[in-house]
Amino acid sequence: MLKNLLANKHTSGAAIAYIASALVSQLGAVWFPGHKEQFEATGKIIESAAVGYGLLAAGDASTQKQKTDVL
C-alpha cells in the first residue's frame, strides 16, 4: 500500500507539503499567538498551492508501465 502511495513522487510531495503546512501553521499559532493571522494566511496559501500542484501532477501521471525492449 505504501508503494502505491509513493508511486508518483510529485503527488506525494504535494501531500507532504499540504500536511506539513497545516501542522506548522497550527503549531506556529500556538507557539507565537501574536502571529496567528500570519501563520493561518501563509498556511492557506501553501496548502492551496500544494493541492493545485498535486492535481496537476496527478493529471499528468501515467497508469501504463513503460515497455522495455529485450534484445
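Ser25 sits in helix α2, which spans residues 9-31; helices here are DSSP runs of H or I with at least four residues, and strands are runs of E with at least two, numbered from the N terminus. The model is a predicted one, in which local features need pLDDT of at least 70 and side-chain atom pairs count only at pLDDT 80 or more, while totals for chains, interfaces and linings use all residues. Residues are numbered from 1 along each chain as its sequence is written, and side-chain values use heavy atoms, with hydrogens and water left out.

With a relative accessible area of 10%, Ser25 is buried, a class defined as under 20%, against over 50% for exposed and in between for partly exposed (1.4 Å probe, protein chains only). A polar atom of the Ser25 side chain lies 3.1 Å from the backbone oxygen of Ala22. When neighbours within four places in sequence are left aside, Ser25 is in contact (heavy atoms within 4.5 Å) with Phe39, Gly43 and Glu47.

Tyr53 is found in helix α3. Under the same exclusion of neighbours within four places, Tyr53 is in contact with His10 and Ala14; the C-alpha atoms of Tyr53 and Ala14 are 6.6 Å apart in space, although the two residues are 39 apart in sequence.

Helix α3 also holds Glu40 and Lys36, which are 4 residues apart, about one turn of the helix. Side chains of opposite charge can pair when their charged atoms come close. Glu40 forms a salt bridge with Lys36, the closest N and O atoms being 3.9 Å apart, where a salt bridge is a side-chain nitrogen of Lys or Arg within 4 Å of a carboxyl oxygen of Asp or Glu. By this rule the count comes to 1 salt bridge.

The relative accessible areas of four residues of helix α3 are set out below.

| Residue | Relative accessible area | Class |
|---|---|---|
| Lys36 | 42% | partly exposed |
| Glu40 | 37% | partly exposed |
| Val51 | 39% | partly exposed |
| Tyr53 | 42% | partly exposed |

Val51 also belongs to a nonpolar patch on the surface, formed together with Tyr18, Ile19, Leu23, Leu27, Val30, Trp31, Phe32 and Leu55, with about 950 Å² of accessible area together. The elements that give two or more residues to this patch are α2 and α3 (36-60), and α2 gives the most, with 6 residues. Patches are made of residues with over 30% relative accessible area and no salt bridge, like charges being joined within 9 Å and nonpolar side chains (Val, Leu, Ile, Met, Phe, Trp, Tyr) within 5 Å.

Note on methods
Polar contact = N/O pair within 3.5 Å; in protein donor to acceptor, adjacent residues only side chain to side chain. Areas by Shrake-Rupley, 256 points an atom, 1.4 Å probe, with all protein chains shown as cover.
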